Amino acid sequence: MNVIEVQNLSKNFKIKKKRKGFKESFKYVLRPDFKIIKAVDNISFCVKKGEIIAFIGPNGAGKSTTIKLLISILYPDSGSIKVLGLDPIKNRKKLAYKIGTVFGQKEQLWAHLTPYDNFKFFAAIYDISNNEAEKRIKELTNLFEFERFINTPVKNLSLGQRICCEIAASIIHNPQILFLDEPTIGLDPIVKENIRKFIKNMNKEYQTTVFLTSHDVSDIEKLCKRIIIMNDSKIVIDSSMENLKYNYLTKKILEIKTNGSTIDISNIKGVNILKREKSIIKADIDISKKDISDVIKALDYKNIVDINITNIPLENIISKIYSSKAAKL
């Protein structure tokens with residue numbers, strides 16, 4: 001069963017052209033010139049009930065615009081959208097009761113209120129009875145371990161705790177779809193892992209469909225089985241996470257800090273040295289050729305101060321996908 005159906009969706013923005021020089025600027029004030037920016041260009045896709053889908057791309061690719069079209073913040077120029085069988089434009093209020101949204105950089109909670117008071121406030125917005133609201137808050141508190149700070153003002157919470165509460169407030173009405181736009185942005189690794197656990201539990205407990213955008217490859221790897229990638233306002237790829245890993249997520253970045261001693265890993269198969277300084281070595285590891293654990297085992301730990309393993313930046317992966325697609329055209 002599809003809960004989201006998008007066909008030939010397009011959205012353009014009309015913006016003023018910038019001019020240089022006094023004469024051009026004066027003409028611009030009298031009669032400004034405009035140019036058309038294609039934010040979303042004829043895209044089509046479907047999302048099934050219960051999926052956690054990654055909808056990603058570089059900045060300016062059209063991700064956030066697409067979400068805003070799906071939840072009726074923006075109206076499309078052409079194409080059709082069905083969310084839970086509803087047209088977001090014609091059934092905006094009805095749809096609002098069935099979906100939840102979290103924009104990682106935009107707060108929706110009242111900072112001076114506690115999470116409990118915020119949950120009660122959002123429950124009232126969605127016409128949830130007092131008894132049902134109390135039951136729902138208790139469920140969320142137990143499921144996501146809010147006991148320690150449920151009565152602490154939001155302004156005194158850590159960023160990670162606040163984001164958890166933002167998500168909880170967005171599902172107080174038990175929506176069928178949750179739209180998450182960069183939910184882990186700016187968070188430390190431990191908090192990010194807690195947010196991922198939170199999302200997994202929510203999906204498992206309530207069968208909530210999750211539509212996720214993120215620049216963090218780990219978010220996508222650990223949460224999603226399917227991924228849609230946008231670039232230049234178009235869908236570049238729509239594939240399973242398993243297929244993407246096999247074809248594109250084949251490298252990790254390894255950074256080693258030594259006590260000043262020289263360590264040579266360039267002779268290990270699949271290792272490509274990116275940077276070598278006095279006490280730092282940075283390399284990428286092709287994990288399709290050599291397991292990263294084997295590389296670690298080959299190191300001399302006596303001279304190592306620190307080791308850090310990270311993913312290839314998402315922008316690099318998208319660039320590789322886009323260039324390989326373009327080469328086939």
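1. Helices and strands here are DSSP runs, numbered from the N terminus, a helix having at least four residues and a strand at least two. In those terms, Lys 200 is placed in helix H7, which covers residues 189-206. The model is a predicted one.

2. Overall make-up. The protein has 11 helices and 13 strands. Its C-alpha atoms fill a box of roughly 65 × 60 × 45 Å along the principal axes. Of the 329 residues, 45% are buried. The accessible surface is about 17900 Å², and carbon and sulfur atoms account for 50% of that surface.

3. Among contacts in the protein with a separation of 6 or more, 71% are between residues 24 or more positions apart.

4. Lys 200, continued. What does Lys 200 touch, once residues up to four places away in sequence are not counted? The answer is Lys 222 and Leu 223. Leu 223 is 23 residues from Lys 200 along the chain, and their C-alpha atoms are separated by 7.0 Å. Lys 200 counts as partly exposed because its relative accessibility is 40%, a value that falls between the 20% limit for buried and the 50% limit for exposed.

5. Ala 168. This residue lies in helix H6, residues 159-170. Its relative accessibility is 0%, so Ala 168 counts as buried. Leaving aside neighbours within four places in sequence, Ala 168 is in contact with Phe 119, Leu 140, Phe 146 and Phe 198. For one of these, Leu 140, the sequence separation from Ala 168 is 28 residues and the C-alpha to C-alpha distance is 6.8 Å.

6. Aromatic pairs. The structure contains 10 aromatic pairs. One of them is formed by Phe 146 and Phe 149, with 5.5 Å centre to centre and 55° between the planes.

7. Other ring features. A single aromatic cluster takes in Phe 45, Phe 55, Phe 179 and Phe 211. Elsewhere, Arg 136 has its charged end over the ring of Tyr 206, at 4.7 Å from the ring centre.

8. The loop between H4 and H5. Tyr 126 is in the loop that runs between helix H4 (115-125) and helix H5 (130-144). Apart from neighbours within four places in sequence, Tyr 126 is in contact with Ala 96, Tyr 97, Ile 99, Ile 172 and His 173. Tyr 126 and Lys 98 are 28 residues apart in sequence, with 9.9 Å between their C-alpha atoms. Asp 127 is found in the loop between H4 and H5 as well. Asp 127 is exposed because its relative accessible area is 61%.

9. Positive phi values. Most residues other than glycine have a negative phi. Asp 127 is not a glycine, yet has a positive phi of about 60°. Asn 42 is not a glycine either, and its phi is positive at about 55°. Asn 42 lies in strand S2, residues 34-48. With a relative accessibility of 45%, Asn 42 counts as partly exposed.

10. Ser 10. Which residues does Ser 10 contact, leaving aside its neighbours within four places in sequence? They are Val 40, Asp 41, Asn 42, Pro 76, Asp 77 and Ser 78. Asn 42, from point 9, is therefore one of the contacts of Ser 10, with heavy atoms of the two residues within 4.5 Å. Ser 10 itself lies in strand S1, residues 2-16. Is Ser 10 buried or exposed? Ser 10 counts as buried because its relative accessibility is 12%, and the limit for buried is under 20%.

11. Ser 64. This residue is in helix H2, residues 63-70. Ser 64 counts as partly exposed, its relative accessibility being 28%. Ser 64 and Val 40 are 24 residues apart in sequence, and the C-alpha to C-alpha distance between them is 9.9 Å. Val 40 is also among the contacts of Ser 10 in point 10.

Definitions and conventions: Residues are numbered from 1 along each chain as its sequence is written. This is a predicted model: local features need pLDDT of at least 70, side-chain atom pairs count only at pLDDT 80 or more; totals for chains, interfaces and linings use all residues. Side-chain values use heavy atoms; hydrogens and water are left out. Rings of Phe, Tyr and Trp (its six-membered ring) pair if their centres lie within 6.5 Å; planes under 30 degrees apart count as stacked, over 60 as edge-to-face and the rest as tilted. A charge sits over a ring if NZ of Lys or CZ of Arg is within 6 Å of the ring centre and within 35 degrees of the ring normal. Buried means under 20% relative accessible area, exposed over 50%, partly exposed in between (1.4 Å probe, protein chains only). Accessible areas come from the Shrake-Rupley method with a 1.4 Å probe; for residues, only the protein chains shown count as cover.
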